[in-house]
Amino acid sequence: MFKGSMPALVTPFRNGELDLETLKRLVEWQIGEGSTGLVPVGTTGESPTLTHEEHETVVAEVVKAAAGRVPVIAGAGSNNTTEAIRFVQFAQRIGADAALVVTPYYNKPTQRGLIAHFTALHDCAEIPIVIYNIPGRSVVDMTPATMGALAKLPRIIGVKDATGDLARVSQQRAACGPDFVQLSGEDATALGFNAHGGVGCISVTANVAPRLCAEFQQATLAGDYAKALAYQDRLMPLHEAIFIEPGLVGAKYALSKLGLCSEEVRSPLTGLEDSTKAAIDAAMKHAGLL
């Protein structure tokens with residue numbers, strides 16, 4: 001069920017408030033362009049600056065708009081286990097297909113603490129859980145051995161891996177088994193990730209170039225790496241330009257160039273420098289988007 005190109009959706013704002021009509025239009029556009037899943041309220045969805053009520057509203061609206069046409073993996077992470085339980089149970093209640101749970105950030109649990117956290121979330125509901133391992137943001141790295149221990153639980157079904165370490169895919173296959181769903185969390189290395197045994201990408205760039213990202217993923221999953229490399233060459237400047245500043249800001253700017261979403265982000269994030277805008281413009285032209 002969970003494979004291919006799945007955008008980590010931006011959360012549109014207008015005058016500081018959720019722009020739900022634009023969110024619904026983005027869902028329709030993504031599905032029409034070939035995205036194979038949707039991931040609302042991750043970091044790209046500005047989860048750190050959403051209230052709990054806003055978080056739940058966005059997830060519910062995306063599930064409703066998707067209407068079962070593609071799976072929805074709902075962002076449900078927190079560094080507070082009790083708070084994460086709330087989000088996981090909510091995701092199940094409104095019909096999301098899985099919950100994406102980040103390794104707890106800032107409080108830096110041990111590997112034993114990670115097992116306790118994810119076990120509690122597994123046990124609180126019946127929804128599948130995808131681990132999100134992003135040590136660059138959470139400052140804690142789930143080891144393949146810990147992931148292997150968690151993979152023994154029936155509803156811990158996969159990982160969004162944003163370590164950037166391609167060896168992890170093989171290590172996690174060994175620890176978790178070949179059926180454990182491995183999704184890249186880093187666009188630039190998604191080609192190699194799938195070559196090592198991954199099956200898709202939860203992508204920031206797919207916000208902007210969903211059809212190209214979907215066709216790229218289709219090529220890798222068909223084993224046509226020559227075709228995939230041609231897509232990679234078109235997309236690589238965009239992967240890089242979007243992340244010159246925080247990726248969600250770059251994604252919203254690029255969407256604004258396509259007339260699909262406001263550039264508006266919430267503090268402490270700010271709009272892009274002109275030089276970054278120019279780099280994204282050039283990358284979009286290179287990819288054939290402008």
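By class, the lining of the largest cavity holds four nonpolar, five polar and one charged residues. This is a predicted model, so treat everything here as computed.

Let's stay with that cavity. A search of the whole structure finds one cavity of 30 Å³ or more. The space in the largest cavity comes to about 60 Å³. Who lines the largest cavity? Ser 5, Asp 187, Ala 190, Cys 201, Ser 203, Cys 213, Phe 216, Gln 217, Gln 232 and His 239 do. Three elements each give at least two lining residues: strand E9, helix H9 (210-221) and helix H10 (225-242). H9 has the largest share, with three residues.

Now to the strands. Start with E8, residues 181-184. Are its faces buried or exposed? Both are covered. Val 181 and Leu 183 are buried on one side, Gln 182 and Ser 184 on the other. In general, side chains in a regular strand alternate between the two faces of the sheet.

Next, the partners of E8. Strand E7, residues 156-161, pairs with E8 in the parallel sense, over four bridges. There, Lys 160 stands opposite Leu 183. Strand E9, residues 200-203, also pairs with E8 in the parallel sense, over two bridges. In E9, Gly 200 is the bridge partner of Leu 183.

E7, helix H7 (residues 167-176) and E8 form a right-handed β-α-β unit. E8, helix H8 (residues 190-195) and E9 form a right-handed β-α-β unit too.

Conventions
Residues numbered from 1 in each chain as written. Predicted model: local features only at pLDDT ≥ 70, side-chain atom pairs only at ≥ 80, totals over all residues. Heavy atoms only, no water. Buried < 20%, exposed > 50% of the residue type's maximum accessible area, 1.4 Å probe, protein only. Pairing = 2+ DSSP bridges. Right-handed = clockwise from strand over helix to strand, strands pointing away. 1 Å grid on protein atoms, 1.4 Å probe; cavity = no way out; pocket = protein on both sides within 12 Å on 5 of 7 lines; lining within 4 Å. Points joined across faces, edges and corners; volume = space filled by probe spheres on them. Nonpolar A, V, L, I, M, F, W, Y, C, P; charged D, E, K, R; others polar.
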